[in-house]
Amino acid sequence: MNVMMQKVHGSENDFFLLDETQFERSLTAEEIEQLRIQLCSRETGLLAGADGLLLVGEGTHGTSNARMRVINSDGSEASMCGNGLRTVARYLAEKNQEKSFTVETMFADLKVRQAPNLAEEVATYQVEISPVSFEAVTIPMHLGVQTLIDEIVPALSNTIRFTAVAVPNPHLVAFVDHETLNGPEFERIATYVNNENPYFPEGINVSFVEILGKNQLFVRTYERGVGFTSACGTAMCASSLLYTLLKDGVFYEEITVKNAGGMVKTVVHETSDGSYWMELIGNATITHLIEESLTDLLNGAFEKITITETNEQKHYQEFLQTLSQK
C-alpha cells in the first residue's frame, strides 16, 4: 500500500508528518530510525531534509484520541515540540473535522484548536504548552542547586545570566543584547552543553532572547538534537514565561515573538495553584503532499515518489514580507 505523508512547518521548523494509523501496525523502532535517516538528512534527504519526524498514532489512554511523537533529525526523541504540535493539530482537525480537542504527548495531554489566521491563507493553530518546572531533576541539571533562575554560571559565562526551565522540554534561556544574540558566545555555550559535560548530562535547548519592546521578543534557539533552527515553539514559550516573570511582562497579555522563521503569538497563564502554562499561536503550513510505498521510503527510493507541492509556502513567504516591513 502507498503511504500518505506531508512535509510541514511551523515558523519554518520543518518536519515530515506521518500518520501511523494508516498501517495495520505501528512502525518498529528500526523502521522509524531508517525513515529518519532516509528523510531528514539535509544533504541526502527528501525535499532537502527536515528537522525531524512527526508521528501521529492512536492515543494510549482515554482523554485524547491521538498521540504525537517527535523524532529529531539526530534520532533522539523530544518530549514535545510546539511548532510540530500546531501542524499535527491541523492534520487531525482536517482529518476528523474538529476544531478543538486534545493531543497526547510524552508528558501531557495538550489542548489544541484552530485559531484566526495570522495572515490571509496562512493556516493558524493555537496549542497549549505545559507542564512547567524549574526543578533541577526535571531538566536534568547538575549545578549543585535546585533551581537556576537569572543567575551567572561561571562554567558557561562570567557575564550572561541564565535560567533553566522545563516546559516540558528543557531550556536554558538568557536575555541578551543584539550583539550577543548574534555573537560567537552563543554557539560556544550551546555546543558545550549539548556535548558531554558535567552539568547537563542529557543536553539542553539554549535560547538567547532580545527584548525588542513591550511584549515584543526575538528568540534564537539552538535545539538539542538538531542545532540552530529557524524557530523552536517551546523555546519561544519558555522565553515568554521568563519575560513575564523576570522582565516587564504581564500575565494573560499577548506577546509577539519573532524568530528567524517568522513570528508567533504567546500568552502566559498563571493558575490558582501558582503553576504556569502557555498558549502558542502560529502557522501550521503544509508545503508538500507525498505518496509512496513504505518500502520505497525505507529504502530511499525517492524517484518513485509522487510529490504535490502546495501553494501554502508562497502565502507564508508573503506573510514574512509583511513582517520585514514593520
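This is a predicted model: local features need pLDDT of at least 70, side-chain atom pairs count only at pLDDT 80 or more; totals for chains, interfaces and linings use all residues.

Visitor: Does Leu246 count as buried, partly exposed or exposed?

Guide: Leu246 counts as partly exposed, because its relative accessibility is 31%. Together with Ile149 and Leu245, Leu246 makes a nonpolar surface patch of about 200 Å².

Visitor: How is Gly82 to be read, as buried or exposed?

Guide: Gly82 is found in helix α2, residues 82-96. Its relative accessibility is 1%, so Gly82 counts as buried, the cut-off being under 20%.

Visitor: What is the volume of the largest pocket, and which residues lie nearest its centre?

Guide: Rolling a probe the size of a water molecule over the atoms shows where empty space is left. Here the largest pocket has a volume of about 210 Å³. Its lining comprises 15 residues, with Glu77, Ser79, Pro170, Glu202 and Arg224 nearest the centre. The lining divides into six nonpolar, five polar and four charged residues.

Visitor: Which residues does a cis peptide bond with omega of about 0° join?

Guide: That bond joins Val167 and Pro168, and Pro168 lies in the loop between β10 and β11. The peptide bond from Ile139 to Pro140 is also cis, with omega near -25°; Pro140 lies in the loop between β8 and β9.

Visitor: What is the phi of Ser11?

Guide: Ser11 is not a glycine, yet has a positive phi of about 55°. Ser11 is buried, with a relative accessible area of 0%.

Definitions and conventions. Residues are numbered from 1 along each chain as its sequence is written. Side-chain values use heavy atoms; hydrogens and water are left out. On a 1 Å grid over the protein atoms alone, a cavity is a set of points where a 1.4 Å probe fits but cannot get out, and a pocket is an open set with protein on both sides within 12 Å along at least five of seven lines; lining residues have an atom within 4 Å of a point. Grid points are joined across faces, edges and corners, and a volume is the space filled by probe spheres set on the points. Ala, Val, Leu, Ile, Met, Phe, Trp, Tyr, Cys and Pro count as nonpolar, Asp, Glu, Lys and Arg as charged, and the others, Gly among them, as polar. Patches are made of residues with over 30% relative accessible area and no salt bridge: like charges are joined within 9 Å, nonpolar side chains (Val, Leu, Ile, Met, Phe, Trp, Tyr) within 5 Å. Accessible areas come from the Shrake-Rupley method with a 1.4 Å probe; for residues, only the protein chains shown count as cover. A salt bridge is a side-chain nitrogen of Lys or Arg within 4 Å of a carboxyl oxygen of Asp or Glu. Buried means under 20% relative accessible area, exposed over 50%, partly exposed in between (1.4 Å probe, protein chains only). Helices (H or I, at least four residues) and strands (E, at least two) are DSSP runs, numbered from the N terminus.
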